[in-house]
Protein chains: 2
Amino acid sequence: MIEIMIDLQGGAKAPLYEKIYTYIKNEITIGKMATGEKLPSTRLLAQNLSVSRSTVEMAYEQLLAEGYIKAEPCRGFFVCDVTELYRLGVRLPEKDGAQGENREKTGAGFRTGRLPETSGQGKTKESLQKEAAIELDFSPYAIDTEHFPFNIWRKIHKNVLLDDREELLYAGDGQGEFGLRCAIASYLHQARGVNCEPSDIVVGAGNEYLELLLTQILGGGQKVLMENPTYPQAYHTFCNAGYQMEMLAVGEQGMQIEEVRRRNPDIVYMMPSHQFPLGTVMPLKQRLELLKWAAEEENRYLIEDDHDSEYRYRGKPIPSLQSVDTVGKVIYLGTFSKSIAPSLRISYMVLPDKLLERYHSQCGFYSVTVPKMQQEVLRAFMEEGHFERHLNKMRGIYRSKHDFLLGELKKRSWVKAVRGEHAGLHVLVEVRTKLSEQEICALAGKRGVRVYGISEYFIYGEEEKSENGGGNDTDDNVFLYSMEKTKGENGVGDSREMSGCPVVVLGYGKLTEEEMRKGLERLDEVLN
Amino acid sequence: MIEIMIDLQGGAKAPLYEKIYTYIKNEITIGKMATGEKLPSTRLLAQNLSVSRSTVEMAYEQLLAEGYIKAEPCRGFFVCDVTELYRLGVRLPEKDGAQGENREKTGAGFRTGRLPETSGQGKTKESLQKEAAIELDFSPYAIDTEHFPFNIWRKIHKNVLLDDREELLYAGDGQGEFGLRCAIASYLHQARGVNCEPSDIVVGAGNEYLELLLTQILGGGQKVLMENPTYPQAYHTFCNAGYQMEMLAVGEQGMQIEEVRRRNPDIVYMMPSHQFPLGTVMPLKQRLELLKWAAEEENRYLIEDDHDSEYRYRGKPIPSLQSVDTVGKVIYLGTFSKSIAPSLRISYMVLPDKLLERYHSQCGFYSVTVPKMQQEVLRAFMEEGHFERHLNKMRGIYRSKHDFLLGELKKRSWVKAVRGEHAGLHVLVEVRTKLSEQEICALAGKRGVRVYGISEYFIYGEEEKSENGGGNDTDDNVFLYSMEKTKGENGVGDSREMSGCPVVVLGYGKLTEEEMRKGLERLDEVLN
C-alpha cells in the first residue's frame, strides 16, 4: 500500500480535495506511484490527513474520471498505467493547487440513465422529420454531451468577458489568434507528434470550411484520390469545387502504392490513423511509400484527416502521418468537434511551407471564421489544462461505453464479427442474416432505432472514371474488403476478410448503457 | 413643457430609472410626446416624482443615448424626431419595466478620451509590422468599441450557459438555428423591407464565407460584373473561385443599364443602398431597370451587399433592393460586423427560391459555420430588444463623430470637397494639393496617421477584358467619377463631378473626437 503524506497547510490556496488530487496525480505522473499499486482506502487516508472522508472521495473521483486510478470492487483503488494518458503543456506535473480555481468540480461527472433523445446532429430538416420517431440513434458522429464540463466553460466565458476588453471586438488575425494557435501547436506536438509552428496553422469554422479554403489554395482542377468508403462530406466539398474525384476501394491490402501510382492523382485524401468508417490503421511502410510518391512531383500532396485520433482504448496513440513527413507534403487536418463538441465549429489545418506561401498570397485576405471570444475561451480551456483533463475523462467514458457495447454484442448470435473496435466512437458489425442492409436499417427504424448501413459511406460510380472495369469491388449490399487491425501496442496489422454479409455502423458516443441495451434488444427483434 | 405622470409603485419590478425611461420612450414612440416638445428638467421631474435627481438623470441619459431626446445646452431636453429610429419586434411599445433585468445600465456609456490604439483589423502580420508606429487609424472598416454593451453581453452569455443545456453541444441546423433566423427575418423585414421567411436565410461566418458558398450554389464560371471601386475582398473571393470578373467604373451616371447590357454579365454584385467606398445611393429607376434586366434570363442574379445600411444620419433608411424584387432575382447579403462587431463573425444571406433549392441539393450537407452558443447569444440579444437599442445608441454616437469630423474638415483649406457623408462610417475627402494620393498616405504615415487612398478600393486591369480601350477611365492617381447623392428625404440624386484631385478615405468609426482632431492636425502639417 502506498503511503501518502501531503502538506495540506502549505502551498497555494486551493480546496483540500484539490491538493490531494494534485499530489497523487503528480506522484503517478512522475512514476513515484507505480502501475498496479494500491492506494489507501478513503477512510484510512481521511483519518491520516485529518480531513473528512468526502474530501478524499472527491479527490479519488477526479482521479478516476481522468484515468489515473481505477476502482476494483471489494478490493480498493489502484494506480493505472498512465503512459496512454495525455499530458499536455509545460504545466505538468503541476504544483500543488496551482490553477485550482479553474478546475472542474467532479460532482456532475457521474450521472447516468438519462432519457433517450434524438440527436439530430448535422442532419437536414427533412431527414429529421423522417426520423421523428427515432428514440435511439447509433450515429457514429454523435458525442457524449452528458459529461461536458459546463461549469468550467461558464467560468472561462465569464473570465474572458470580465474586463470589457475592447480588443475582443476587433476582427483579429485571419489565421486565428496567435495564442490559440500556440496552444494547438503545443497539443499537436505532444499528442500527435505533429511538427509545426503556430505560424503554420490556420484555424477555421469546421473541416468543410478548411477544405473549401484548401480547394482555393491548391488551385483547383486537380485529381483527388479518396479511400472508399470515406466521409461523404469531404468528397462533396472537393467535388463542388470542380476537382476530379476518384475513389479507391480499400481492398485486402489497404491503400496500395501500386494502385495509387496507376491512378496518378495529384492529391490523396486519407485518414491513416483511424480510417472512417472502417477503423483501420495504415501501416508505417505504406505511409512512407505514399510520402515517397508525393515527393516525386512538386504539386502532389497528401491530406491527412486526423478526425478522432484522440480516442484510442488500447495501445499508445498512433503518431500522425505528418510526424514522419520530412518533405513538406502532408496537409494535416484536425477538429475539436469530437474532442469538445460539434457545435463549437473549430477546426485547424497545418500547411506545409509551400502551401502556406500560397495561402498568404491567394487567401490571406479572408477573415478568420471563428469568433474571437470563442477562440479566447478555447485557448484558456487548453492553456489551463482543462482540455487535457477533459480528453482523459472522456476517453475513460467512451472506453466504458465501448467495452459495454462489445460485451453486449458478444452475446448475440446475429453478430458474425465486430470490426474497427478499440478506437473512435463507433464499431462495424457484420450481421448474420438474410435481410439486406437496407432492410435492417428500415426495420430498426420502425422500432425507433437508427443504425447506419456502411453503404451510406461509399461513393458510387467514381471508382475509376477513366478506365473500364477494375477496382469495382463494391456491390450494393455486399462488401468485400479487409482491414488492417492493430495488434496490441506495436501498430503492426493482420488482415481479415469479411464478405457476403450486411455491415452496419453502430456509434456509441452519445448513448448510455441503458440506451444501448434497449437499442440492441430491439435489433434482436429484427434479426433473431 | 410636457407633464410627466408615472405610477412608480405599480407594474413590474424594475429600477426606478428604468420605469421613467420606459414611460417616456413609449410616450414618444406612440406620438403622445411630439417632436420638439420640451421635457421637464431633471431637478423638476425628480421633485415631482419624489425620486433622486440621479435617477432621472440615468433615465434621460439612456433616452439621449438611444436618440429619443436631445440636450440643448442651457435650454434643456427636447423630444427628437423618432421616425428614423429602429423599432423592432412586437415588444414595442413596451410595458413599463418589462425585461428590465436585461437592460443595459447606462453608466458605462459615455466615457471618452481613450488612448489612441492601432486597430489592425483584418490585416496581415507584415502590414501590421509596417504600421507599428501608426497611432491614429482612419480605417473605414473600424467600429466604435468603446460603447459596446459588455454588461448585457455577459448577462446573455451567462443565461445561455446557465442550465447545462446539452443541445448547445449538438451540431445544429446547417442554415443556422431557426430561432436566430426568425430574429434576423423580423429585423430585415422591419428595418430593410426585405421580404423573406426564416427558411430563406443562411447564416454563415462572415460575408466572405457566404460568398464562397454562393460561388458553389451559382455553379461557377459565370461572368460577374462589379462596381469599381468596390470591396476588394468580394472581388478576390469570386476571382479565386474561377469566376470571370469584370469591373464597371462607376461613371457620371452610376451603374447604367445600357452599359450592363453591353457587358452582358450573369451576375451583378452591387451595394445599392450605400456604395462602398463612394457612399452613393442607387436611384429607384436604376434599381428597377436592373431587376428587369435580370428577369430576362433564367440564370441572371443581382447580389445586393447591404453592408452598413444601419447607419444613416439624414432621412429615412433607404429600403433594400430586395424589397422591390418581385421576380426572385436578388441575393441579399448582410452582416453584424458593423452593427455589433467584426469579431462576431456572423453574416446572413437571403436566397431567392430557385437558389435556395440549389443550396439544399448542392450544399445542404455543409455544417453551419457559426458556433451554436454564439447564435443563441445573438438571438437573445435581438429578441430582448438589445439590438434595437444598440443600433439606435450607436447611430447617435456615429452621427456625433460624423458631425464633428465634418465640422473640422470645413475649417481646412486643403479640403476641396467632402463626399459620401451622412451615412456609414467614413467620408471621402477630395484634397487640394500638389501631392499624389500615395504621397499623402506616406507622409501621414510618417506622422503616425493612417489614411487610405481611394485607389486601394479600385480593381485595376479588369475594366473590360474582352475589348480594347473603353471604360479605362481610371488613372493611377486621378479619378474621374461622379456620385449620386441623396438630396434630403426623398432619395433622388443629383450628380456632381470631382476630378483631378487625390481622394482619401477617412473612417471615423473607432476614433474619438480628440483623436480625430489630433489626426487632422497632423494632416495639416502634410497638406498646408
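**Interface of chains A and B**

I looked up the contact between the two chains (contact meaning heavy atoms within 4.5 Å): 55 residues come from chain B and 54 residues from chain A. The model is a predicted one, where local features need pLDDT of at least 70 and side-chain atom pairs count only at pLDDT 80 or more, while totals for chains, interfaces and linings use all residues. Residues are numbered from 1 along each chain as its sequence is written, chains are lettered from A and ligands numbered from 1 in the order written, and side-chain values use heavy atoms, without hydrogens and water.

I noted a buried area between chain B and chain A of about 5,200 Å², with carbon and sulfur atoms giving 58%. Buried area here is the accessible area (1.4 Å probe) that two parts lose on being put together, summed over both. Of what chain B buries against chain A, 14% is supplied by Phe150(B), Leu169(B) and Tyr170(B), more than by any other three residues.

I found two salt bridges listed across this interface (side-chain nitrogen of Lys or Arg within 4 Å of a carboxyl oxygen of Asp or Glu). Asp164(B) forms a salt bridge with Arg154(A), and their closest N and O atoms are 3.0 Å apart. I also checked the backbone of Asp164(B): phi is positive, about 50 degrees, though the residue is not a glycine. Asp164(B) sits in the loop between α5 and α6 (178-192) of chain B.

**Helix pair across the interface**

I then took α5 (residues 150-161) of chain A and α5 (residues 150-161) of chain B, whose axes come within 10 Å and cross at roughly 175 degrees. That makes α5(A) roughly antiparallel to α5(B) (angles over 145 degrees). Helices are DSSP runs of H or I, at least four residues, and strands are runs of E, at least two, numbered from the N terminus. Axes are lines fitted to C-alpha atoms, for helices over the stretch in contact, with angles from 0 to 180 degrees between N-to-C directions. Trp153, Arg154, His157 and Leu161 of chain A meet Trp153, Arg154, His157 and Leu161 of chain B.

**Helix pair within chain B**

I compared α13 (residues 386-410) and α15 (residues 513-527) of chain B, which pack at about 25 degrees with axes 10 Å apart. α13(B) and α15(B) are therefore roughly parallel (under 35 degrees). Among the contact residues are Phe404(B) of α13(B) and Met516(B) of α15(B).

**Cis peptide bonds**

I logged Phe276(A) to Pro277(A) as cis, omega near 0 degrees. Asn228(B) and Pro229(B) are also joined by a cis bond, omega about 5 degrees.

Definitions and conventions
Parallel < 35°, antiparallel > 145°, perpendicular 65-115°, else oblique.
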